[in-house]
Amino acid sequence: MGDLTKDFDRSEFACRCGCGYDAIDLTFVEKLQVVRDISGAALYINSGCRCVKYNAEVGGVPHSSHLRGLAADISTRDGELRFKVLDAAFKVGFKRIGIGSSFVHLDIDSELPFPRLWTY
Ligand SMILES: [Zn+2]
């Protein structure tokens with residue numbers, strides 16, 4: 001049970017440096033909840049909100065959507081889960097998607113160009 005949506009809790013999106021920054025966008029989380037519902041898979045958030053310092057530490061781009069609480073990296077341990085997350089993300093209408101070897105990035109940042117699909 002989450003305090004934001006059925007399955008997501010605000011703490012899951014807090015900056016991993018421990019600074020307490022957790023201003024994740026609720027519209028974004030609601031879209032993520034639909035991804036979760038469609039995929040039927042429990043989704044682990046690797047990285048949600050990031051403060052400027054932490055974003056730099058993990059090599060995030062300077063204008064990253066993580067800084068504005070509009071993004072999450074979802075852990076995808078294998079190809080089946082990666083497929084399910086991507087399939088659901090397209091169905092939900094995500095227009096900015098990044099594919100890493102062990103995660104999928106989703107964001108709804110209207111300040112950044114879309115549609116975009118990239119790899120890391
Ligand atoms: Zn931080």
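Two strands pair if DSSP finds at least two bridges between them. Helices and strands here are DSSP runs, numbered from the N terminus: a helix is H or I with at least four residues, a strand is E with at least two. With that in hand, isoleucine 99 has valine 104 in β4 as its bridge partner.

Before I go on, the ground rules. This is a predicted model, where local features need pLDDT of at least 70, side-chain atom pairs count only at pLDDT 80 or more, and totals for chains, interfaces and linings use all residues. Residues are numbered from 1 along each chain as its sequence is written.

Now the sheet. In what order do the five strands stand in the open sheet? The order is β1-β2-β4-β3-β5, with mixed pairing. β1 and β5, residues 116-119, are the edge strands, each pairing on one side only. On average, neighbouring strands are turned by 25° against each other, direction ignored. For angles in this talk, axes are lines fitted to C-alpha atoms, for helices over the stretch in contact, and the angles run from 0 to 180 degrees between N-to-C directions.

Let me take the pairs in turn. Strand β1, residues 45-47, pairs with β2 in the antiparallel sense over two bridges. There, isoleucine 45 stands opposite isoleucine 74 of β2. On to β4, residues 103-107, which runs antiparallel to β2 and is joined to it by five bridges. Isoleucine 74 has valine 104 as its bridge partner in β4, and alanine 72 stands opposite leucine 106. β3 and β4 are also antiparallel, over four bridges, and a hairpin of three residues joins β3 to β4.

How well covered are these strands? I call a residue buried if 20 or more other C-beta atoms lie within 10 Å of its own, exposed if 12 or fewer, and partly exposed in between, with C-beta atoms placed from the backbone. Strand β2, residues 71-75, is mostly covered, with four of its five residues buried. In β4, five of the five residues are buried, so that strand is largely enclosed by the rest of the structure. In a regular strand the side chains alternate between the two faces of the sheet. In β4, Phe103, His105 and Asp107 point one way, and Val104 and Leu106 point the other way.

Aspartate 109 sits in the loop between β4 and β5. Why does aspartate 109 count as buried? Because aspartate 109 has 20 C-beta neighbours inside 10 Å. Contact means that two C-beta atoms, placed from the backbone, lie within 7 Å. Leaving aside neighbours within four places in sequence, aspartate 109 is in contact with Ser65, Arg68, Leu70, Ala71 and Arg96. Aspartate 109 and glycine 69 are 40 residues apart in sequence, yet 9.0 Å apart in space, C-alpha to C-alpha.

Last, the helices. α3 lies across β2, β3 (96-99) and β4, at about 15° to β4. Two packed helices are described by the angle between their axes and the distance between the axes. For α1, residues 26-39, and α3, residues 79-92, the angle is about 125° and the axes are 9 Å apart. The two helices are therefore oblique to each other; angles under 35 degrees count as roughly parallel, over 145 as roughly antiparallel, 65 to 115 as roughly perpendicular and the rest as oblique. On the α1 side the contact is made by Lys31, Val34, Val35, Ile38 and Ser39, and on the α3 side by Lys84, Val85, Ala88, Ala89, Lys91 and Val92.
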